[in-house]
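Work through the following exercises with the sequence and the model at hand. Each task is followed by a solution in steps.

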Amino acid sequence: MQDTLTITITPELKAALLEITQTEGISADSLVGKAIEDYIFTHKFRAFRSYLMQKNETVYTDEEIFEIIS
């Protein structure tokens, strides 16, 4: 099941979005949905890395975090 989300963007952002979707042959819905998925993944990844660094008092690289979660 899918839901609808209405957003407001600047004319410049809309033009850039349309350019990319036309160039890559994908829909704006697909591109925006993928962008949101990527943002959520990055947010969760950074939160997890922050949690581990605080818990273990150690600095982790992105690669080390990927190894931990893989």
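**Exercise 1.** Determine at what angle the axes of helix α2 and helix α3 cross, and which residues meet.

Solution. In this predicted model, local features need pLDDT of at least 70 and side-chain atom pairs count only at pLDDT 80 or more, while totals for chains, interfaces and linings use all residues. Residues are numbered from 1 along each chain as its sequence is written, and side-chain values use heavy atoms, with hydrogens and water left out.
Step 1: the axes of α2 (residues 28-56) and α3 (residues 62-69) come within 11 Å and cross at roughly 95° (axes are lines fitted to C-alpha atoms, for helices over the stretch in contact, and angles run from 0 to 180 degrees between N-to-C directions; helices are DSSP runs of H or I with at least four residues, numbered from the N terminus).
Step 2: α2 is therefore roughly perpendicular to α3, a term that covers angles of 65 to 115 degrees.
Step 3: Phe41, Phe45, Phe48, Arg49 and Leu52 of α2 meet Asp62, Ile65, Phe66, Ile68 and Ile69 of α3, where contact means heavy atoms within 4.5 Å.
Step 4: these residues divide into 8 nonpolar, no polar and 2 charged (Ala, Val, Leu, Ile, Met, Phe, Trp, Tyr, Cys and Pro count as nonpolar, Asp, Glu, Lys and Arg as charged, and the others, Gly among them, as polar).

**Exercise 2.** Describe how α1 and α2 pack.

Solution. Step 1: helix α1 (residues 11-24) packs against α2 at an angle of about 105°, their axes lying 9 Å apart.
Step 1: this makes α1 roughly perpendicular to α2.
Step 2: on the α1 side Leu17, Ile20 and Thr21 take part, and they meet Ala28, Leu31 and Val32 in α2.
Step 3: by class, this contact has 5 nonpolar, 1 polar and no charged residues.

Notes: Helices (H or I, at least four residues) and strands (E, at least two) are DSSP runs, numbered from the N terminus. Angles under 35 degrees count as roughly parallel, over 145 as roughly antiparallel, 65 to 115 as roughly perpendicular and the rest as oblique.
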